[in-house]
Amino acid sequence: MAKVLLKDLTKRFGDVIAVDSLSIEVQDKEFLVLLGPSGCGKTTVLRCIAGLETPEQGEIYIGDKVVNDLDPKDRNVAMVFQSYALYPHMSVYSNLAFPLENAKLPEEEIKSRVQQVARLLKIEALLKRKPKQLSGGQQQRVALGRAIVREPQVFLMDEPLSNLDAKLRIYMRAELKKLQKEIGVTTIYVTHDQVEAMTMGDRVAILNEGILQQKGSPDDIYFHPSNVFVAGFIGSPPTNFFDCNLIEGVPCTLDTGEFRYPLPEHMAKIAEQCTSGVCVLGVRPQDVLVYRDAAGKKGLIRSKLEVTEPLGDKQILNLKVGDYLVKAVVDPDFRAEMGDDLWVKIPAKKAYLFDKKTGKALIA
Ligand SMILES: Nc1ncnc2c1ncn2[C@@H]1O[C@H](COP(=O)(O)OP(=O)(O)OP(=O)(O)O)[C@@H](O)[C@H]1O
Ligand SMILES: [Mg+2]
């Protein structure tokens, strides 16, 4: 077992900086998810750790050892790819035994390790089959088995569930998380799916354009996004944003051009840190309150209902506030028609403030 430490890792492909001065520490036995949009450098990070790419700069530690100069086979890591890359002409048993035969382990030990892993992954009944006689989920488990059987110090998983159908993916999500805890191997798991990241990771590291945006527990990155990118990337539907000018006064007010948002004292203090004077106000659709009439309520913003998206247990309202489209999640029994005038409230306790110039969260 081992921790993994990346120090200032940089990898370029020609003009493209795929990974930009990335520093991350992954604790022993931790399940760390690397999350980010397509092309942000996730696979490149894994390939650098596995030794399949040579970084221009930075150190990679596995345990207490710098492994930059070690061959991939000497790093004791196992990588699971999106395409399972099973050997089609070999049985499941031979697929699992292959890495051990390569390592020239005694026959008896190979047999017992394969059996043990097959039991763990519940694929004992499939050992004689060829990969093409397996379902996607079963192939996935064999691919995992082939990684586990080597008893590596570190698992590197590159979107291993993305080829599965939605139902199986949800099932495998929980299975994989359970399995990782059972065998206790430090795991770096790559995905662009925020739900997968949030549900599986002990911690999540969010990358954009090769740069680390934030690293924290799922709750941390959801409730305390460090910048506009993270607030927009985590959560569904994405956070609503409003660009606004800060108007000093009592109370201090944000002017979005479409509406004014007076700030309570604690937020005014936070907003004062915005040296550029231009802020971004953010609020999650789940936190937007919607009313049919304004009677007796304060701080409401007039909107027009454009479209409703029913989802069974809830519905998403698409509301126009001037040029802004505001999404709000409401109960399924909220009745309103397209074109209705509705009133929106952004609760100050749930609102986020960012500096428009730097994108960074303004916090107390
Ligand atoms: N071998 C290569 N040659 C040139 N450019 C590359 C190479 N591999 C990756 N890149 C570029 O580096 C950047 C990061 O690629 P990477 O594959 O790491 O992204 P990713 O986050 O894994 O994306 P995805 O979610 O689509 O798999 C991209 O701009 C990509 O085009
Ligand atoms: Mg990738």
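Here is a friendly walk through a predicted model, told as questions and answers.

User: Which domains is the chain divided into, and how many Å separate their centres?
Analyst: Let's start with the overall layout. The chain splits into domain 1 (4–232) and domain 2 (236–355). Taken over C-alpha atoms, the distance separating the two centres is 39 Å.

User: How many residues does the contact take from domain 1 and from domain 2?
Analyst: A residue belongs to the contact when heavy atoms lie within 4.5 Å. Domain 2 gives eight residues, and domain 1 gives nine residues.

User: What area is buried between domain 1 and domain 2?
Analyst: The size of an interface is often given as the accessible area lost when the parts come together. Between domain 1 and domain 2, carbon and sulfur atoms give 59% of that area. The buried area itself is about 740 Å².

User: Which three residues supply more than any other three of the area that domain 1 buries against domain 2?
Analyst: Together, the three supply 61% of the area that domain 1 buries against domain 2. They are Y222, V228 and A231.

User: Which elements give two or more residues to the side of domain 1 that touches domain 2?
Analyst: The residues on this side of domain 1 divide into six nonpolar, three polar and no charged. The elements that each give two or more of them are α7 (218–223) and α8 (228–233).

User: How many residue pairs are in polar contact across the interface of domain 1 and domain 2?
Analyst: Salt bridges are one thing to look for, and across this interface of domain 1 and domain 2 there are zero. Polar contacts are another, and here the number of residue pairs is four.

User: Which salt-bridge partner does K356 have?
Analyst: Side chains of opposite charge can pair when their charged atoms come close. The structure holds 16 salt bridges. In the one with K356, the closest N and O atoms are 3.2 Å apart, and the partner is D243.

User: How many residues apart are K356 and D243?
Analyst: K356 sits in the segment after β20 (352–355), while D243 is in strand β11 (residues 240–247).

User: Which residue has a backbone N or O atom 3.0 Å from an oxygen atom of ligand 1?
Analyst: The residues around ligand 1 include F13, P37, K42 and E159. Side-chain atoms of S38 and T44 each lie 2.5 Å from an oxygen atom of ligand 1. The backbone atom at 3.0 Å belongs to G41.

User: Is the peptide bond from S236 to P237 cis or trans?
Analyst: P237 is placed in the loop between α8 and β11. Omega for the bond from S236 is near -10 degrees, and the bond is cis.

User: What is phi of K122 near?
Analyst: K122 lies in the loop between α3 (107–120) and α4 (136–148). Its phi is positive, in a residue other than glycine, and is near 55 degrees.

Note on methods: Residues numbered from 1 in each chain as written. Chains lettered and ligands numbered in written order. Predicted model: local features only at pLDDT ≥ 70, side-chain atom pairs only at ≥ 80, totals over all residues. Heavy atoms only, no water. Domains from an automatic or database assignment. Buried area = accessible area lost by both parts, 1.4 Å probe. Salt bridge = Lys/Arg side-chain N within 4 Å of Asp/Glu carboxyl O. Polar contact = N/O pair within 3.5 Å; in protein donor to acceptor, adjacent residues only side chain to side chain. Helix = DSSP H or I, 4+ residues; strand = E, 2+ residues; numbered from the N terminus. Nonpolar A, V, L, I, M, F, W, Y, C, P; charged D, E, K, R; others polar. Near = heavy atom within 4 Å.
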